[in-house]
Amino acid sequence: MGDGREQALAASLQHMRDRIDLACAEAGRDSSEVHLIVVTKTWPVDDVRRLADLGVRDMGENRDQEAKAKAAATPDLDITWHFIGQLQTNKANSVARYADVIHSVDRPELVAALERGAERADRTLTCLIQVDLEDGAARGRGGAAPSEVAALARAIEEAPHLRLGGIMGVAPLDEGDQPVASAAAFARLAHIHRELLADHPGASILSAGMSGDLEQAVAAGATHLRVGSAVLGDRPPLG
Ligand SMILES: *Cc1c(COP(=O)(O)O)cnc(C)c1O
């Protein structure tokens with residue numbers, strides 16, 4: 001589009017790629033192992049087009065209605081759509097039509113609903129198991145308990161239209177020292193990922209890290225970063 005917004009996005013994207021390269025260098029990792037997903041939630045479809053012009057192929061969304069509209073408006077772009085939000089079972093059928101990777105698979109009913117939707121749409125969906133990284137009392141706001149991961153992995157593997165891609169986690173918010181809290185959470189996630197890989201060697205994706213903690217995620221072995229505000233700016237208030 002070549003407008004001022006595209007120039008601003010080009011600059012913030014370059015800054016982000018430099019930040020990822022630096023994080024990889026510090027972690028002794030190759031940048032080619034780390035994929036950037038730009039989270040376009042709340043931003044208009046024109047930004048999706050601008051990002052695609054700038055070479056971004058992986059976009060993340062967290063609400064079905066918004067994601068569906070953006071996917072429908074961009075059939076000409078070769079985008080991989082990542083669904084990263086909590087997913088109600090009754091939305092699984094809709095999401096199965098356009099999403100390529102679902103990062104938030106956290107319960108057996110959702111596995112079954114996604115399989116039905118994928119079969120109907122004649123598609124194969126890559127599923128990541130979202131692991132709840134909160135401790136104790138805060139648990140339950142999305143994400144499977146670590147003890148539930150193995151059974152969910154089996155259920156996904158047994159579903160003909162689903163492919164087990166790996167796992168995903170969001171570090172709990174910490175008012176004290178977020179980098180330290182994120183590093184601890186991602187270390188737990190990486191441990192759970194290694195256990196998963198022992199039984200499912202193809203489940204190579206470790207989706208972790210956002211604008212504020214991607215360095216800690218890269219250090220812990222993340223393969224996919226989900227970055228919104230650091231590329232697109234602070235999200236406009238909803239509504
Ligand atoms: C919004 C969101 C992100 C991106 O967060 P930023 O802080 O804007 O980078 C990543 N993951 C999930 C699950 C999200 O909902």
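Modeller: Buried means under 20% relative accessible area, exposed over 50%, and partly exposed in between, with a 1.4 Å probe and protein chains only. D122 has 67% relative accessibility, so D122 counts as exposed.

Colleague: What kind of model is this?

Modeller: This is a predicted model, in which local features need pLDDT of at least 70 and side-chain atom pairs count only at pLDDT 80 or more, while totals for chains, interfaces and linings use all residues. Residues are numbered from 1 along each chain as its sequence is written, and side-chain values use heavy atoms, with hydrogens and water left out.

Colleague: Back to D122. Where does D122 lie?

Modeller: D122 lies in the loop between α5 and β5, and β5 covers residues 125-131. Helices (H or I, at least four residues) and strands (E, at least two) are DSSP runs numbered from the N terminus.

Colleague: And what is the phi of D122?

Modeller: The phi of D122 is near 55°, which is a positive value in a residue other than glycine. Most residues other than glycine have a negative phi.

Colleague: What about T42, what is its phi?

Modeller: T42 is not a glycine, yet its phi is positive, at about 75°. T42 sits in the loop between β1 (35-39) and α2 (45-53). T42 is called partly exposed because its relative accessibility is 24%.

Colleague: New topic, the ligand. Which residues are around the ligand?

Modeller: Residues count here if one of their heavy atoms lies within 4 Å of the molecule. The residues around the ligand are V39, K41, I84, M168, M210, S211, R226, V227, G228, S229 and R235.

Colleague: How far is K41 from the ligand's oxygen atom?

Modeller: A polar atom in the side chain of K41 is 2.7 Å from an oxygen atom of the ligand. R226 has an N or O atom in its side chain 2.9 Å from a nitrogen atom of the ligand.

Colleague: How much of the ligand does the protein bury?

Modeller: The protein buries 87% of the 390 Å² that the ligand exposes when taken alone. Those areas come from the Shrake-Rupley method with a 1.4 Å probe.

Colleague: Now H161. Buried or exposed?

Modeller: H161 is buried, because its relative accessible area is 18%. H161 is found in the loop between α6 (149-158) and β6.

Colleague: Which side chain does H161 have a polar contact with?

Modeller: The side chain of E115, at 2.8 Å. A polar contact is a pair of N or O atoms within 3.5 Å; within protein, one must be able to donate a hydrogen and the other to accept it, and residues adjacent in sequence count only if both atoms are side-chain atoms.

Colleague: Moving to L164, which strand is L164 in?

Modeller: L164 is in strand β6, residues 162-169. The relative accessible area of L164 is 5%, so L164 is buried. L164 and A153 are 11 residues apart in sequence, and their C-alpha atoms are 6.8 Å apart in space.

Colleague: And G169, buried or exposed?

Modeller: G169 counts as buried, because its relative accessibility is 0%. G169 is also in strand β6. Between G169 and S229 there are 60 residues in sequence and 18 Å in space, C-alpha to C-alpha.

Colleague: Where does G85 lie?

Modeller: In the loop between β3 (80-83) and α4 (92-98). G85 is buried, with a relative accessible area of 6%. From G85 to E61 the separation is 24 residues in sequence and 7.0 Å between C-alpha atoms.

Colleague: Last one, P108. Which helix does P108 lie in?

Modeller: P108 lies in helix α5, which covers residues 108-121. P108 counts as exposed, because its relative accessibility is 52%. P108 and A144 are 36 residues apart in sequence and 10.0 Å apart in space, C-alpha to C-alpha.
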